[in-house]
Amino acid sequence: MSAVGHTAHTGIVAPFDELVGQDIAARFLSAVITSDKPHHAYAFVGPLGSGKTAAATALAQALLCPNGGADSCESCKRVIRRTHPDFHVVEPLGAAGYLMQQIQELIRDSMLAPIRARRKVYLLTRGDLLADSAANSLLKTLEEPPPGTFFIILARTQSALKDTLLSRCQVLAFRRIPESEALSTISQNTGATTVEARIALAATGGSLLFAEQFWRSQERRDLRVATIEALERLPHADDADLLEAVKNLLVAMKAPLDVVILEQKNQLKLSEDYLGKGALGRLEQQQRRELSNREHQTIGETLEVARSWLRDIMLIKVYEAASPQSVSPRDTPQIINTDFHSNIERIAARVELDNCARALEATQEAQRLIQYNVNPQLALEVMFFAIREELI
Ligand SMILES: [Zn+2]
């Protein structure tokens, strides 16, 4: 008989092996999974790009998987793709954070039985955006959730989370993953080159997990190209061209969402055989939420791409100001969108830093408008007019 402590956990520990640069986190999470009675609430705290989301996904995978977290199974794939009906990713829907109504709905939902797995996992992606009232209403559920219900709350810093929330969670701190490490991981996992990995990381705001998903999606990469091409044409666009460009961009934005819609339809069809009416209704409701999250993500990526392109122009300007003598191409600053290099240089030669700064501000404003539920088409039109003003 094997001695206690020598039990093989290989299948169970698997998803955590991939947590780059987070040895402590990986050990902690493996311990969670191998324990008989895992704690029901976790707070993952660390800066953007520290792998919190990847770790939360790995934990959800392991908690929901019928095979203890084997990466290849259908359940794990669904968790990764965010289409598992018992993995609830809750993003703030309000401009300033989570809506009270959202949290109340979450609490009601947590009382219901899981749909597909034996457990349910709720991932709150922005614990720092839980206002006092919303956080307070969540406390009782966090303290004593229905059996088999788990919560993971993410936040950039520990101080951004209410003490009352923290005291109910096991807290795990993440450090920022060095860029070089992040890039080589993305390359390893997706086959992207370092330059491509940097593009993916920029488009997804520095999240390793999302960067990998981005690079695997042809539709999302196409959307990036469409976004930059639309920006490049702005200086020569009249009003009609500009409005047309936004319209085309919205069409390009639909493509990645169509992939999600198709997956959801398949999921619903597969579930019809074994789910009751109530559970199917809940699944549909969850799918609608998921789709709205993905819509936000797609728009967010478009804005990130626009920002990275504008920052590239600024980088070249700053660099030129610092070294007026022309230098060899080898020494040029490391811009992100190298595939659009020549146009970036051309525009940099024409505009001032102030123009770029104001154009960047326009992308932030678009984000604010969309958070306040302004129609994305309108928000993008406003943004494109503002950016054109600066790049002409
Ligand atoms: Zn699995």
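At what angle do the axes of helix α9 and helix α10 cross? The structure is a predicted model, in which local features need pLDDT of at least 70 and side-chain atom pairs count only at pLDDT 80 or more, while totals for chains, interfaces and linings use all residues. Residues are numbered from 1 along each chain as its sequence is written.

The axes of α9 (residues 194–203) and α10 (residues 208–216) cross at roughly 115° and come within 8 Å. Helices here are DSSP runs (H or I, at least four residues), numbered from the N terminus. Each axis is a line fitted to C-alpha atoms over the stretch in contact, and angles run from 0 to 180 degrees between N-to-C directions. In this pair, Glu 196, Ala 197, Ala 200, Leu 201 and Ala 203 of α9 meet Ala 211, Phe 214 and Trp 215 of α10; two residues are in contact if their C-beta atoms, placed from the backbone, lie within 7 Å. By class, this contact comprises 7 nonpolar residues, no polar ones and 1 charged residue. Ala, Val, Leu, Ile, Met, Phe, Trp, Tyr, Cys and Pro count as nonpolar, Asp, Glu, Lys and Arg as charged, and the others, Gly among them, as polar.

The chain is also assigned two domains, domain 1 (10–177) and domain 2 (217–391), with bounds from an automatic or database assignment. Their centres, taken over C-alpha atoms, are separated by 28 Å. At their interface, 10 residues of domain 1 are in contact with 13 residues of domain 2. The side of domain 1 that touches domain 2 holds 5 nonpolar, 2 polar and 3 charged residues.

Definitions and conventions
Helix = DSSP H or I, 4+ residues; strand = E, 2+ residues; numbered from the N terminus.
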